[in-house]
Amino acid sequence: MTVVADAFDPTFLISDYGDVEAEVTACRKQAAVFDFSFMSVARVYGPEVLEVIAQLTDRDLGGLNDGRIRYALCRDSGGWLRSDLTIWKENANSFLVMSGLGQEISELAATIDIQSEDVVVYSLQGPGSLLALNGLGDVARLETLPYYGFTRLDIAGAECLVGRLGYTGELGFEIVAPAKDGKRLWQNFTARARPAGFAAADCLRIEAGFVLFANEFRLPVTAVEAGLGAFAGNDPVPPRHRLVCFCAESHPSPELSHPPKSLAAPEPGTITVTSSCYSAAAGGILGLGYVPFEEAEVNRTFIDPGGRFKNVRTVTMPFYDTAKRRPRAAWS
């Protein structure tokens, strides 16, 4: 894959395939397929591979087994969150690093010889994802794949890496395949699952409480402030604010809503909105934003200083599947 631009810009992605709400519903009830080939993918290998990856993240990879995936955070020199990564361990000397921010891999490639992969990345999500792959490969192997595990699998004649994870809060897979096989795989997948765009992915990940680094990391924040303290080392400062989920009213309803380049930290009683969408599950506007740390509690009201959102009230995070059981569930 050609490394993407320095700053992720979802406006260059396909927003939808004609009906965002139907795409969300398909993912929640059957299966939907997303094209996430904007991701930068690099293979990092060699006897000092852990030292190389440590240039990107301080997440400990020492106990990671072969065939498993670890979520990690990239922070800048000041300790503020920059982006997030998934790291796939093939063996002791070979890892795949996947990032939405191509600049990270570009910078790493400037210091060491790494292999940028020419691949497509498709995300097949929903309770019917396994069924959608039936007839395309050995789905029995996928049925026992653990959450955040991956395997090599021939799918419709293409050698793929298939990981059990996703960005929707549902059962599903991320599939990494050679770019030359991309068109054929996409045709096979869309014959079995509804194609869905980034507007649906945005709504699904907000409902599931997942961050989008281009939104939630735009305000200088620490891992604890973003609710991601378990995935990073010590933060540079005590927490000042906290990421929360909220319901609100807004006109017009946001679609692929993104914050301005410059954001102000929340003052007492206010919220700094970073993401928002219309959510049928919430029956209205659902979003993510930062409030003062000591005020981060459910069912509290806040004021949006920008005036776009009215009657802002915090709700549980994640809003959908609060116990986070669905992605780990057994296939039925």
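This note goes through the fold of the chain and then one of its residues.

1. Start with the basis. This is a predicted model, in which local features need pLDDT of at least 70 and side-chain atom pairs count only at pLDDT 80 or more, while totals for chains, interfaces and linings use all residues. Residues are numbered from 1 along each chain as its sequence is written, and side-chain values use heavy atoms, with hydrogens and water left out.

2. The chain has eight helices and 16 strands. These are DSSP runs numbered from the N terminus: helices are H or I with at least four residues, strands E with at least two. The chain is as compact as a globular protein of its length, because its radius of gyration is 19 Å, close to the 20 Å from the globule rule for 332 residues. That radius is taken over C-alpha atoms, and the rule is 2.2 Å times the number of residues to the power 0.38.

3. The C-alpha trace spans about 55 × 45 × 35 Å along its principal axes.

4. Of the 332 residues, 55% count as buried. Buried means under 20% relative accessible area (1.4 Å probe, protein chains only).

5. Consider contacts with a separation of 6 or more: 69% of them join residues 24 or more positions apart. A contact means heavy atoms within 4.5 Å.

6. Now look at Lys89. Lys89 sits in strand β4 (residues 81-91). Is Lys89 buried or exposed? Lys89 is buried, at 11% relative accessible area. Leaving out residues up to four places away in sequence, Lys89 touches Leu64, Asn65, Asp66, Gly67, Arg68, Ser94, Phe95 and Phe150.

Note on methods:
Buried means under 20% relative accessible area, exposed over 50%, partly exposed in between (1.4 Å probe, protein chains only).
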